[in-house]
Amino acid sequence: MIESDRELSAMVQELWDNDVNRLKPGKDYRISLQGKAGDSLAMNDDNNDGAGYPLFTFVDENIFKKETFLAFISLLDNYESDTGEPEIVTPEEVAENHKFLDLIIQTPTMKIAHKYLVEKNLSPADNTKFKEQLNRIWFELYARRGSSRPDSSGFEHVFVGETRGRRTVIGFHNWIQLYLQEKLGHIDYKGYSVNANSPQPDENKHILALQFSWKNGIKPKGSIFIGVSPEFEFALYTLCFLSSPNERVKVQFSYYDVEIVCHHYNQKHIGTTYPVLLKYQNPPKRN
């Protein structure tokens, strides 16, 4: 592992250790992996569906009453999912964005990320200016490929999900949105995704590659953290976006070897970002 990745790994481990709002698998939520998704991308191809039941079998929704979760969930209905459709941002939505940012910069994970970014001269020390930086990275609108008008943002793409041509799902790398959309009947979980090099998924681990359909479109392969807090993902992805010029950075933390994919858009915004599980590390031996 190159030196910068070691440093980043240490930071991600610190974020992980301080994610006080993370859910515990098997206690706060349960998932049912079922079968492996097929390779066909046809929406109604039964041969492709490795799962007859939803992914989530239980989530303790009391967790959604926590401030950052509540503020995060309020943002999920603020977007027009189809790319090419310009976004109209209302004053209420702007206020919701600011409330979310105000809350997460007070969390342990974002404070750790902010301190590190200030030390590296990558972020302003002043909280108000840091919030402006986060707002630009995540919430400023830009025109996604094939569109001439501002129709996307980092937040919409990564956390909410978008559709292209109404047939393909792009982005959509967040478990809370996945759970809520599945509960509404808008998601059809098709099974987990593995290839020759990827580890077998584990219902008690926090990273999963999967296939699903949403809004008449298909997500052939997506990869998400499950059970982590919104502030953890926000801190992690912001850290990778600002501190690494590479669009793929390998980090090790907890039981995971992970590649964080983070595509920049015009060097100002997040185009997309998500985790790719490379392998599970053996749990540390206890003396």
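Is phenylalanine 172 buried or exposed? In this predicted model, phenylalanine 172 is buried, with a relative accessible area of 1%. The residue sits in the loop between strand E4 (168-170) and helix H7 (175-183).

**Overall make-up**

The protein chain has 287 residues, of which 53% count as buried. Eight helices and 10 strands are found in the protein chain. Among contacts with a separation of 6 or more, 65% are between residues 24 or more positions apart.

**The nonpolar core**

The largest nonpolar core holds 77 residues, and the members that touch the most others are Phe100, Trp138, Phe155, Trp175 and Phe234. Helix H8 (residues 230-243) gives the most to this core, with nine residues.

**Two helix pairs**

Helix H8 also packs against helix H4 (residues 108-119). The angle between H4 and H8 is about 15 degrees, and their axes are 8 Å apart. Because angles under 35 degrees count as roughly parallel, H4 is roughly parallel to H8. The crossing of these two helices, H4 and H8, is left-handed. On the H4 side, the contact involves Thr109, Met110, Ala113, Tyr116 and Leu117. On the H8 side, the residues met are Glu231, Phe232, Phe234, Ala235, Thr238, Leu239, Leu242 and Ser243. Sorted by class, the contact of H4 with H8 has nine nonpolar, three polar and one charged residues. Phe234 of H8 takes part in this contact and is also one of the core residues that touch the most other members.

The second pair is formed by helix H2 (residues 67-75) and H7, which pack at an angle of about 65 degrees with their axes 11 Å apart. The crossing of H2 and H7 is right-handed. H2 brings Phe69, Phe72 and Ile73 to the contact, and H7 brings Trp175, Ile176 and Leu180. The contact of H2 with H7 divides into six nonpolar, no polar and no charged residues. Trp175 of H7 belongs to this contact and is another of the core residues with the most contacts to other members.

**Single residues**

Threonine 238 is placed in helix H8. With a relative accessibility of 1%, threonine 238 counts as buried, since the cut-off for buried is under 20%. Leaving aside residues up to four places away in sequence, threonine 238 touches Leu117, Leu134, Ile137 and Trp138. Of these, Leu117 lies in H4.

Asparagine 121 is found in the loop between H4 and helix H5 (127-139). Asparagine 121 has a positive phi of about 60 degrees although it is not a glycine. What is the relative accessible area of asparagine 121? The value is 71%, and asparagine 121 is exposed.

Lysine 250 lies in strand E8 (residues 248-253). Between lysine 250 and isoleucine 260 there are 6.3 Å in space, C-alpha to C-alpha, while the two are 10 residues apart in sequence.

The table lists the accessibility of the single residues described here.

| Residue | Relative accessibility | Class |
|---|---|---|
| Phenylalanine 172 | 1% | buried |
| Threonine 238 | 1% | buried |
| Lysine 250 | 42% | partly exposed |
| Asparagine 121 | 71% | exposed |

Methods. Residues numbered from 1 in each chain as written. Predicted model: local features only at pLDDT ≥ 70, side-chain atom pairs only at ≥ 80, totals over all residues. Heavy atoms only, no water. Core = buried A, V, L, I, M, F, W, Y, C linked by side-chain atoms within 4.5 Å. Buried < 20%, exposed > 50% of the residue type's maximum accessible area, 1.4 Å probe, protein only. Helix = DSSP H or I, 4+ residues; strand = E, 2+ residues; numbered from the N terminus. Axes fitted to C-alpha atoms, helices over the stretch in contact; angles between N-to-C directions. Parallel < 35°, antiparallel > 145°, perpendicular 65-115°, else oblique. Left-handed = near helix turned anticlockwise from the far one by under 90°. Contact = heavy atoms within 4.5 Å. Nonpolar A, V, L, I, M, F, W, Y, C, P; charged D, E, K, R; others polar.
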